[in-house]
Amino acid sequence: MIKEQVQQLINNLIQIEQVSTTLYLAMAAYLDRKNYTGMANWLRVQSEEERTHLLTLIDYLTGKDGVVKLGQVPAQKDDFGTPLQTFERALEHEQYVTNAYRQAHDYIKNVDPQTVVIVQDFLREQIDEEAQTLNIVERLKIADENSSALLLLDQELGQRQPATAAAGG
């Protein structure tokens with residue numbers, strides 16, 4: 001059976017992933033409503049990825065005979081501002097998630113060497129998630145108010161497809 005402190009920590013990460021999937025879905029719905037359908041697609045795929053993370057953590061905890069505690073998910077906003085403001089919020093959230101996994105890793109590495117592996121996998125993935133989101137933010141800054149550039153970026157982001165298999169979480 002998994003140690004109580006580790007179980008609480010994993011449940012905290014589960015809660016964060018629950019919020020993440022809901023946040024990105026809310027952002028996707030908002031941008032879709034604003035006719036940025038490509039950006040909405042990118043965020044919807046991101047929401048699905050966060051849900052996969054959520055399920056991976058749940059499966060891990062139940063596989064260790066742990067108790068999953070799903071908390072309430074706060075209501076999300078229905079207006080995220082400009083596409084740039086929306087993705088800046090997404091970047092802030094990814095940085096928050098990275099910090100949560102880093103703190104979890106720092107604690108778990110001395111307590112549960114088996115659980116540290118799954119947390120490391122998520123921490124590794126956060127490198128890519130932050131980089132992708134930062135890239136979009138930087139490109140939106142370059143596009144500024146240029147509607148042609150925004151539509152081109154929107155079209156490009158609309159090509160994102162869900163991952164066929166989750167690599168490590």
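Student: Does Asn11 count as buried or exposed?

Tutor: This structure is a predicted model, and its accessibility values are computed from the model's atoms. A residue counts as buried when its relative accessible area is under 20%. Asn11 lies in helix H1, and because its relative accessible area is 9%, the word for Asn11 is buried.

Student: Which residues does Asn11 touch, leaving aside its neighbours within four places in sequence?

Tutor: Asn11 and Leu57 are 46 residues apart in sequence, yet their C-alpha atoms are 8.2 Å apart in space. Contact is a separate question, decided by heavy atoms within 4.5 Å. Once neighbours within four places in sequence are set aside, the residues in contact with Asn11 are Leu61, Val67, Val68 and Lys69.

Student: What is the mean pLDDT of the protein?

Tutor: The confidence of the predictor is given for each residue on a scale from 0 to 100. In this protein 96% of the residues reach 70 or more. There is also a stretch, residues 165–169, over which pLDDT stays under 50. For the protein, the mean pLDDT is 94.

Student: Is Thr21 buried or exposed, and what is its relative accessible area?

Tutor: Thr21 has its place in helix H1, and beyond four places in sequence it touches Ser47, Glu50 and Arg51. The limit for a buried residue is under 20%. Thr21 is therefore buried, with a relative accessible area of 13%.

Student: How many Å separate the C-alpha atoms of Glu49 and Thr21?

Tutor: Glu49 is found in helix H2, while Thr21 has its place in helix H1. Not counting residues up to four places away in sequence, Glu49 touches Glu125, Glu129 and Arg160. Along the chain Glu49 and Thr21 are 28 residues apart, and their C-alpha atoms are separated by 7.7 Å.

Student: Which kind of aromatic pair do Tyr30 and Phe80 form?

Tutor: With ring centres required to lie within 6.5 Å, the count comes to 3 aromatic pairs. The ring centres of Tyr30 and Phe80 are 5.9 Å apart and the planes stand at 65 degrees. An angle over 60 is the condition for the edge-to-face class, so this pair is edge-to-face.

Student: How many residues apart in sequence are the parts that the pair of Tyr30 and Phe80 ties together?

Tutor: Tyr30 is buried at a relative accessible area of 5%, and Phe80 is buried as well, at 6%. Tyr30 belongs to helix H1 (residues 4–33), whereas Phe80 is in the loop between H2 and helix H3 (83–108). The pair therefore ties together parts whose separation in sequence is 50 residues.

Student: Where does Ala40 lie, and which residues does Ala40 touch beyond four places in sequence?

Tutor: Ala40 is buried, because its relative accessible area is 6%. From Ala40 to Pro83 is 43 residues in sequence, and 9.8 Å in space from C-alpha to C-alpha. Ala40 lies in helix H2, which covers residues 37–63, and the residues it touches are Ala28, Leu31 and Asp32.

Student: What is the phi of Asp65, a residue other than glycine?

Tutor: Most residues other than glycine have a negative phi. Asp65 has its place in the loop between H2 and H3, and it counts as exposed, with 54% relative accessibility. The phi of Asp65 is a positive value, near 60 degrees.

Student: Where is Asp144, whose phi is also a positive value?

Tutor: The phi of Asp144 is near 50 degrees. At a relative accessible area of 53%, Asp144 passes the limit of over 50% for an exposed residue. Its place is in the loop between helix H4 (113–143) and helix H5 (147–157).

Student: How do the residues lining the second largest pocket divide into nonpolar, polar and charged, and what is the volume of this pocket?

Tutor: The lining consists of Thr82, Pro83, Leu84, Leu140, Asp144, Glu145 and Leu150. These residues divide into 4 nonpolar, 1 polar and 2 charged. The volume of the second largest pocket is about 160 Å³.

Student: What distance separates the C-alpha atoms of Leu151 and Met39?

Tutor: Leu151 lies in helix H5 and counts as exposed, with 52% relative accessibility. Along the chain, Leu151 and Met39 are 112 residues apart, and their C-alpha atoms are separated by 9.6 Å.

Technical notes: Residues numbered from 1 in each chain as written. Predicted model: local features only at pLDDT ≥ 70, side-chain atom pairs only at ≥ 80, totals over all residues. Heavy atoms only, no water. 1 Å grid on protein atoms, 1.4 Å probe; cavity = no way out; pocket = protein on both sides within 12 Å on 5 of 7 lines; lining within 4 Å. Points joined across faces, edges and corners; volume = space filled by probe spheres on them. Nonpolar A, V, L, I, M, F, W, Y, C, P; charged D, E, K, R; others polar. Helix = DSSP H or I, 4+ residues; strand = E, 2+ residues; numbered from the N terminus. Buried < 20%, exposed > 50% of the residue type's maximum accessible area, 1.4 Å probe, protein only. Phe/Tyr/Trp six-rings, centres within 6.5 Å; stacked < 30°, edge-to-face > 60°.
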